[in-house]
Structures are given as structure tokens and as C-alpha cells.
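Please take a walk through the fold shown below. We start in a loop, move to a sheet and end with charged pairs.

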Amino acid sequence: MKLNAGIITSKLAETKAFYTEKLGFGVTFENEFYLLLHTPGGGSEISFLLPEHPSQQPLFHKAFQGQGMYLTIEVEDVDKLYNELKKKGVPIQINLRDEPWGDRHFAISDPNGIGIDLVKYSPQQK
């Protein structure tokens with residue numbers, strides 16, 4: 001079984017630019033109403049679909065409203081990515097921080113309002 005989260009949005013061009021230019025995602029597939037992206041290395045995918053597209057069933061027509069969803073992306077070097085994204089002018093929503101349970105992370109949001117938590121997991125110190 002493989003999970004591919006999908007977001008229905010009219011912002012396909014902005015979304016593609018954000019994920020490819022800022023986060024280094026690749027394009028797996030795209031057409032005029034659908035965009036499938038993969039993380040660097042191809043380990044995970046996420047898709048974006050135009051709302052109200054006639055090729056889709058009504059269940060997949062309503063656009064995401066920009067609230068109530070987040071993504072977590074685990075990275076090897078969270079400090080390096082934090083600095084790279086700041087240099088690219090990506091607004092940081094939560095500054096780089098260490099949590100008591102061991103995570104080191106920061107957060108940004110994509111053009112659709114989806115919060116993205118970029119994290120390096122570490123074992124909790126005893």
C-alpha cells in the first residue's frame with residue numbers, strides 16, 4: 001500500500017513553482033488539471049488537482065479551503081534547509097527550534113495555506 005495525499009486547488013502553477021523551486025521536488029506527471037510531484041529522491045509523492053474539473057467525479061470538485069491540514073517532511077539536515085529557505089525568501093512561520101521530545105524543526109506554508117513542518121527526528125534525551 002502506498003499513500004499519495006491530494007489537494008484540490010486552483011493554484012497549480014504557484015504550487016508547482018513553490019515545491020520545485022523552493023523544496024527541490026520533481027514533477028512525476030502533469031497535465032492541464034493535475035500535478036503529481038515527488039520528493040527529492042522519489043520516496044514520496046503529493047498531488048494537486050484543479051477544482052470543478054469535468055473529468056472528475058463530484059467528490060473531487062470542491063477546493064481545499066486553506067485550513068486544517070499540514071504536511072511533515074523529514075530531512076537529514078534541518079539547519080541547512082532552514083538557512084537555504086531563508087536565503088530564497090520563503091517566509092518562516094515557526095522558527096527553527098528544538099522540542100523536549102527530540103525533534104528539531106521549523107515550519108513554512110505553501111501557496112495553498114498548507115503548513116509544512118520540516119523536521120529532523122532525534123532520539124529523546126534521557
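Start with F33, which is found in the loop between β2 and β3 (34–38). Helices (H or I, at least four residues) and strands (E, at least two) are DSSP runs, numbered from the N terminus. This is a predicted model, in which local features need pLDDT of at least 70, side-chain atom pairs count only at pLDDT 80 or more, and totals for chains, interfaces and linings use all residues. Residues are numbered from 1 along each chain as its sequence is written, and side-chain values use heavy atoms, with hydrogens and water left out.

Is F33 buried or exposed? F33 counts as buried, at 14% relative accessibility. Buried means under 20% relative accessible area, exposed means over 50%, and partly exposed lies in between (1.4 Å probe, protein chains only). Leaving out residues up to four places away in sequence, F33 touches L12, F48, L49, L50, H53, S55 and Q56. Contact here means heavy atoms within 4.5 Å. Take Q56 from that list. F33 and Q56 are 23 residues apart in sequence, yet their C-alpha atoms are 9.8 Å apart in space.

N112 sits in the loop between β7 and β8 (115–120). N112 is buried, with a relative accessible area of 9%. Its side chain makes a polar contact with the side chain of T9, at 2.5 Å. A polar contact is a pair of N or O atoms within 3.5 Å; within protein, one must be able to donate a hydrogen and the other to accept it, and residues adjacent in sequence count only if both atoms are side-chain atoms.

Now the sheet. Four strands form an open sheet of mixed pairing, in the order β5-β8-β7-β6. Two strands pair if DSSP finds at least two bridges between them. β5 (70–74) and β6 (94–98) stand at the edges, each with a single partner strand, so one side of each has no neighbour in the sheet. From one strand to the next, the twist averages 20°. β6 and β7 pair in the antiparallel sense over three bridges. R97 stands opposite H105 in β7. Across β6, β7 and β8 lies α2, running at about 30° to β7. Axes are lines fitted to C-alpha atoms, for helices over the stretch in contact, and angles run from 0 to 180 degrees between N-to-C directions.

Last come the charges. Side chains of opposite charge can pair when their charged atoms come close. How many salt bridges does the structure hold? There are six, each a side-chain nitrogen of Lys or Arg within 4 Å of a carboxyl oxygen of Asp or Glu.

One joins R104 and D79, with the closest N and O atoms 2.7 Å apart. R104 lies in strand β7 (residues 104–109) and D79 in helix α2 (residues 78–87), so the pair ties together parts 25 residues apart in sequence. R104 is partly exposed at 23% relative accessibility, and D79 is partly exposed at 30%.

R97 bridges to E99, the closest N and O atoms being 2.8 Å apart. R97 is partly exposed, at 41%, whereas E99 is buried, at 13%. Salt bridges that share partners also join D79, D98 and R104 into one network.
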